[in-house]
Amino acid sequence: MELSVQSIDINVGKHKVVLNNQDARELGVMAGDRVRLRDHGYLTAIVDTTDDMISQGTMGAYHEVMEHIGGTGTIEITPATKPASVRTI
């Protein structure tokens with residue numbers, strides 16, 4: 001899924017993004033899941049979801065993610081595979 005990028009200028013200490021609940025459902029991810037962001041390379045980020053902070057078709061990117069992807073525009077986002085340790089638990 002390709003989404004436009006909205007900067008959220010807050011340091012959270014990890015790579016996190018915020019998706020609109022509808023976009024998250026379409027991707028098959030929930031809050032706490034991981035997604036892969038493809039720009040010039042790949043970055044894995046943890047998902048937060050919202051109904052009103054981020055509009056549909058947009059991905060909110062916290063400061064740490066923005067440092068890696070460079071800026072606004074659009075980005076390809078896909079669900080990341082779950083770590084083997086999650087399946088074991």
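Along its principal axes the C-alpha trace spans about 35 × 25 × 20 Å.

The model is predicted, so local features need pLDDT of at least 70 and side-chain atom pairs count only at pLDDT 80 or more, while totals for chains, interfaces and linings use all residues. Residues are numbered from 1 along each chain as its sequence is written, and side-chain values use heavy atoms, with hydrogens and water left out.

The secondary structure consists of three helices and six strands. Both are DSSP runs numbered from the N terminus: helices are H or I with at least four residues, strands are E with at least two. In sequence order the pattern reads β-β-α-β-β-β-α-β-α.

How are the six strands arranged? They close into a barrel in the order S1-S5-S2-S4-S3-S6, with mixed pairing. From one strand to the next, the twist averages 45 degrees; axes here are lines fitted to C-alpha atoms, for helices over the stretch in contact, and angles run from 0 to 180 degrees between N-to-C directions. Strands of a sheet pair through backbone hydrogen bonds, either parallel or antiparallel. Two strands count as paired if DSSP finds at least two bridges between them.

Strand S2 (residues 16-20) takes part in two of the pairings described here. With strand S4 (residues 42-50), S2 runs parallel, and five bridges join the two; Asn-20 stands opposite Thr-50 in S4. With strand S5 (residues 58-62), S2 pairs in the antiparallel sense over three bridges, and Val-18 has Gly-60 in S5 as its bridge partner.

S4 also pairs with strand S3 (residues 34-38), in the antiparallel sense and over five bridges. In this pairing Val-35 stands opposite Ala-45 in S4. S3 and S4 form a hairpin, with three residues between them.

Next come the side chains with rings. Arg-36 lies over the face of Tyr-42, at 4.3 Å from the ring centre. A charge sits over a ring if NZ of Lys or CZ of Arg is within 6 Å of the ring centre and within 35 degrees of the ring normal.

Of the 89 residues, 37% are buried. Buried means under 20% relative accessible area, exposed over 50%, and partly exposed in between, with a 1.4 Å probe and protein chains only. Is Ile-69 buried or exposed? Ile-69 counts as buried because its relative accessibility is 11%. This residue belongs to helix H2 (residues 63-69). Apart from neighbours within four places in sequence, Ile-69 is in contact (heavy atoms within 4.5 Å) with Val-5, Asp-39, Met-59 and Ile-75.

Gly-28 is exposed, because its relative accessible area is 58%. Gly-28 is found in the loop between helix H1 (21-27) and S3.

The C-alpha atoms of Gly-28 and Pro-79 are separated by 7.3 Å, although the residues are 51 apart along the chain. Ile-69 and Gly-32 are 37 residues apart, and their C-alpha atoms are separated by 21 Å. Among contacts between residues at least 6 apart in sequence, 77% join residues at least 24 apart.
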